[in-house]
Structure formats: C-alpha cells, structure tokens
Amino acid sequence: MVEKFSPVGEKEVTRAIVTEFTTQFAEYVESDCIIVGGGPSGLMAGKNLARAGRKVLIVERNNYIGGGFWIGGYLMNKVTVRHPGERILDELGIPYKEVNAGLFVADGPHACSKLIASACDSGVKFANMTIFDDLVLREGGRVAGVVINWTPISAMPREITCVDPVAIESELVIDATGHDAQVVKKLEERGLIKTKGFGAMWVERSEDLIIEHTGEVYPGLIVTGMAVATTYGLPRMGPTFGAMLLSGEVGAQIALEKLHESAKVK
Amino acid sequence: MKVRRLNKILLYDDGAARALNIEEIAEYLGKKLAKVGVEVRGNPFALYPLQDKISEYAGKIASIKIPDATKRMSSWQEPLYSEIEYEKRRILGKTTAFGVLYDGLELQRLFFELIPREERSLEFVHIFFNNRLFATWDDHDRRYHARVSLCGIPSIISTTGVVEAPAKPREYYLLKQQYEMLGKDLLELKDRFKGGFIDYEDERLMEVVKGYAMQAVFYSLVGDPFCQDKGCRLYNAHWQEELVFAQLESKYEFCQRHASFLEEMNGH
Amino acid sequence: MGIEKIEVKEDKTIKEFIDELNLSSVPILLELDGEIFYPDENYDRKIQAGDRLAVIPIIAGG
C-alpha cells in the first residue's frame, strides 16, 4: 500500500518555513565567525570551527553552496587534489584515485556534497542567495561583522528596489570569496590596507604559499583560499583543490586561537 | 686574465633548497680548486646575530617582493603582517615554501649584511644557495627577468631560478595555456617534455648547481663568471635546452681555455 | 666585463667618483683597501688622490 503524505495544509507549510528561517536568522545575527564564501576553503573552515563548538554562519551569494568545487576545470566535473590534500578527502569519506605520483582525482559532485554535508553535520548554518555588501567595523578599527543583502536585490537598480541591507555581527570574519577577495577589497576601498594584486606569475605551483599566507590580514579578518593569492600577490596555482581545503583548515585553526585569546581577555 | 688570489670559498645554505647537498658541492669545488680551501658555513641566518632583529630583517625581505614584473620598483611597499610572518618562518627554517618573486639586487644587499665585515672582499667567495626566486630589471625590454644567479657579495644561486629563469621551448608555453584552459593538471604536460628541462625535485639539479657555483668562483677569480662556449659549464644559458647541454650533456666540462686555467691554478 | 681598478686623481667623495664615471645607475660594488662596500651607502665617504678603487660589476646569470 502506498503511504500517503500527512494532511498538512499550505499555510502550515509556509508557517514552518518562515518561523524556522526567522528563528535561525535572529539567532545568527550574532555569531563567533561569519565566513563569506561557501566554496571549498570556506566550507572547510566552517566545518572545523563548528566542530570545535563555535557558532558559524556561511554567507554565500549563489543559491547553491560549494563554489568551484563541483567542477574541476572547463565544466569537467572531476576535481584534482595534490598530496597532502588527500588526507582531507579521507577525512570526509570522499573516494578518489591516484592518477600520477601525488596527484589524486575525485568526482566533483561526490566531493562537494560530502564537504557540504560535513559542514552541516558540524552545525554550520548557511545564508545563501545572500551577498556581502560591506564590513562592520568596530571603534578602534576591528572588523566586527558584515553587511548583507539578498543577491537578486543587488542585481537590480537601487531606484526600483531600495531594499536596505542589514548588518550581522561576529567576533571574526573570514574572507573565503576566492579570486575576488571581496571582503579584503572592501578594507582596501576604505584605505585600511593595500593588497598586492596579482603577483608575477612565475611559479606554476604555489599551493604551499597559499597555506603559508593563510591567516589574519587585519584585526578581525582572516583570509583563506584563493583570496589569499589576491591579497598577497601570490602566483596563481594550478587547478587543484588541495590548497583550498588545507587553507580552510589552517584558517579554522587560526580562528580558534584568536577566539580563545579574546575569550581570555574578556 | 688578471687573476685574484683566493683565500677561501664559503658555502651557505638556509636548508630550503632541499634538493641540494652542500657537502657534495663543497667536495666538487675542492677538487676543482685544490689549492683553495672550501668551508661549509651552513645557515647564513644562524651565523649573524639576528636574534632580536629577526622581525626587522624579515620585514625588509618581505618588502622587496616584486608585485608587477613589468614595472620597475622605485619605492617599496609596506609588507602585510602575514608576509612578514612568512619571511620569519623562512628565516627560522619553519617553512621552505617558495614562489614569491624578489628583487635580486635588493635581496643580495640584505644578504650582504650577514657577511662578516672582515670577509667582504672577493678573495672570499661567498655563495648563498637557496630556493628564493629573484629577478633583475632589464632596461632593454623594460621588464624584470628571473635569474638563476647573481654574482656579487654574496653570490646567490637559486634552485627555483634554475627551473624558472632559463626559458623552456616555446611549444611548452603554448601547450601550457591550453592545459590551463582545459583544467588539466600540468604534471601531464611535463611528462611530454620529459628531460628537456630541469624541474623541481629533478635529480639533475645538483649537477647543474655545481656549474653555477663554478661561475661564482670564476667571478671572484677574474671578474667574469661566463664563457661564450656553449659546451662550457660557464656558459650563461638563457634557455633550458642550453642549460641542459652546457651543464649535463656537453662532451667536456670546461672549454679548453678554462680547463687549462684551472689546471694551472692547481699547479699542474 | 671584469673588474677595473681606477686611481683617484684628486680628493673627492664616493658620490662624485661614481657620477664622474656615470655609474650611478649601474649595479656595482666598490673595493678600497681590501674592503668591499655599496657605493650608495657610502656616498659621503671621502677618498683621496692616490687611492685605488676597484669597480666590481654585479652580474646576473640566467
């Protein structure tokens, strides 16, 4: 016999969505860490922070989460990871093949969905279809949150929409927005730091440089992933995701240290 | 050629260029110049009393990065905190990550500070081996060019420079663009050109570096590190092909002129 | 290429010495009395007639 769906009316469904959403939103107006960008480095950082018991919100401008991790290159959905990145694949339970010494390949959809699920399982909450509009700066110049709006709103002319953004606060913000380094660029717009732009493209591979430079770029702001390359003018690396995953991991470690330190001060 | 009398050859290595075995280079140079002592000094940063000045020194290195290879640096940018931290970790040996491009002359100037005052003369051949990539400005085509070596005090030889400075065949770069667009990993591309150029972790890197060490020695001896002969180890290769030939494949190690010169020096 | 030894004909400063030889934008080291130094860090240093300075070009390879 076919199971019938529960007899719930439309209004109950609507009420459930709205209530749950607004409760969560209100709760996450304040958090330990806001991560801008739901790509591989942002997801890794979020997952690890949440796993350590921290309150984490990932802001993602697209409807979908995962950034470039679904697709390897040229719309071909295999993602490559160089050693030692395969340790993360193991931790996430993502199957992979070794195709060359130190070079591993996994299926984009499998890798990405496992990473997103893992972040969710750890307790990360998401605000998708949400764009980063501006930074919240505390007196004394510390980054203390972000200003956000709905993505479709930002695409429309202000005259039609004039929907104001809202501010949400956190102890730390992580810029995981990729090449654009949007959060860092906002700081630059305000004249608070100067990024190094795209550095001389000599060395093909500089994955470990990305990881070496992952960290706090300004009080309250940590950079991970490709945004690190843009911030410090590091050579662009080849299309492998190991550095993104490991950078996210390092970013979380640094964030935890900072949160611990500031808790001690309080 | 007017020849300088050499006192000693001093080899420094901060440990970042892991492919290098400095003892082996010392042995090689000792054989080539039997009458000149060779001393392995080790980590240049450990020798100079940097102690409380590490942050300052790291800050100076961090500020000489070249942001744009097509623009001549006239003033240096304030380094960001993470950049200084990275340089500190490099000095302390906590990381060997490389890829940043530095101004070669400025880098050499900073290393000069680490050489004891009484040894700042060409009779002491100071050679710093490392994996930092550096470039010098070329007025002719108005851009920076990555280099393998910079002879001076100290002479600097970069393993990253060996790989990146001399150009690979044009075909390689054209194919590389295609590979990047298709998202293909470059390891496959390198397989295609196997052997034709020196790569990171190439087992031939050591042998190549010996040749550049001899160039630094000749610089001190006669003021000129180079030779026009393409088969001589003193040949200044601008292409990987030339480098591989001069350092590895040529039937002779040094040309007649330089070979006899070395023989004379060793008193044969 | 090579190292040139130049005898100073009259008292002057290092800066004057460098300018006279048009070397201010050439990467070089100077050697005097067995010690090597960067000219631009010693511009005010005085040298005397009879001093012999070696001009050492800094040479890049690759």
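Visitor: What radius of gyration does chain A have, against a compact globule of 266 residues?
Guide: This is a predicted model. In it, chain A has a radius of gyration of 19 Å. A compact globule with 266 residues would come near 18 Å, so chain A agrees with that.

Visitor: What box do the C-alpha atoms of chain A fill?
Guide: Roughly 60 × 60 × 45 Å, taken along the principal axes.

Visitor: How many helices and strands in chain A?
Guide: Chain A has 10 helices and 11 strands.

Visitor: And what share of chain A is buried?
Guide: Buried residues are 47% of the 266.

Visitor: What about contacts in chain A, how many join residues at least 24 apart?
Guide: 70%, counting contacts between residues at least 6 apart in sequence.

Visitor: Let's go to the largest nonpolar core. Which residues touch the most other members?
Guide: Five stand out: A:Ile35, A:Val36, A:Val59, A:Ile174 and B:Ala213. The core holds 146 residues. Helix 9 of chain B, residues 205–222, gives the most to this core, with 10 residues.

Visitor: Then B and C. How many residues does each chain put into the contact?
Guide: Chain B puts in 26 residues and chain C 15.

Visitor: Which elements of chain B supply the side that touches chain C?
Guide: Helix 5 (104–112), strand 7 (149–151) and helix 9 of chain B each supply at least two residues. Helix 9 of chain B gives the most, with 4 residues.

Visitor: What classes of residue are on that side of chain B?
Guide: 13 nonpolar, 9 polar and 4 charged.

Visitor: How does strand 7 of chain B pair with strand 7 of chain C, parallel or antiparallel?
Guide: Antiparallel, over 3 bridges, with strand 7 of chain C covering residues 59–61. B:Cys151 stands opposite C:Ile59.

Visitor: Last one, the sheet of 3 strands in chain B. What order?
Guide: The order is 3-5-6, in an open sheet with mixed pairing. Strand 3 (101–103) and strand 6 (143–147) of chain B stand at the edges. Each has a single partner strand, so one side of each is left without a neighbour in the sheet. Neighbouring strands are turned by 45° against each other on average, direction ignored.

Visitor: How many bridges between strand 5 and strand 6 of chain B?
Guide: 5, in the antiparallel sense, with strand 5 of chain B at residues 133–138. B:Thr136 has B:His145 in strand 6 of chain B as bridge partner.

Visitor: And which helix lies across strand 3, strand 5 and strand 6 of chain B?
Guide: Helix 5 of chain B, running at about 75° to strand 3 of chain B.

Key
Residues numbered from 1 in each chain as written. Chains lettered and ligands numbered in written order. Predicted model: local features only at pLDDT ≥ 70, side-chain atom pairs only at ≥ 80, totals over all residues. Core = buried A, V, L, I, M, F, W, Y, C linked by C-beta atoms within 7 Å. Buried ≥ 20, exposed ≤ 12 C-beta atoms within 10 Å, placed from the backbone. Rg over C-alpha atoms; globule rule 2.2 N^0.38 Å. Contact = placed C-beta atoms within 7 Å. Nonpolar A, V, L, I, M, F, W, Y, C, P; charged D, E, K, R; others polar. Pairing = 2+ DSSP bridges. Axes fitted to C-alpha atoms, helices over the stretch in contact; angles between N-to-C directions.
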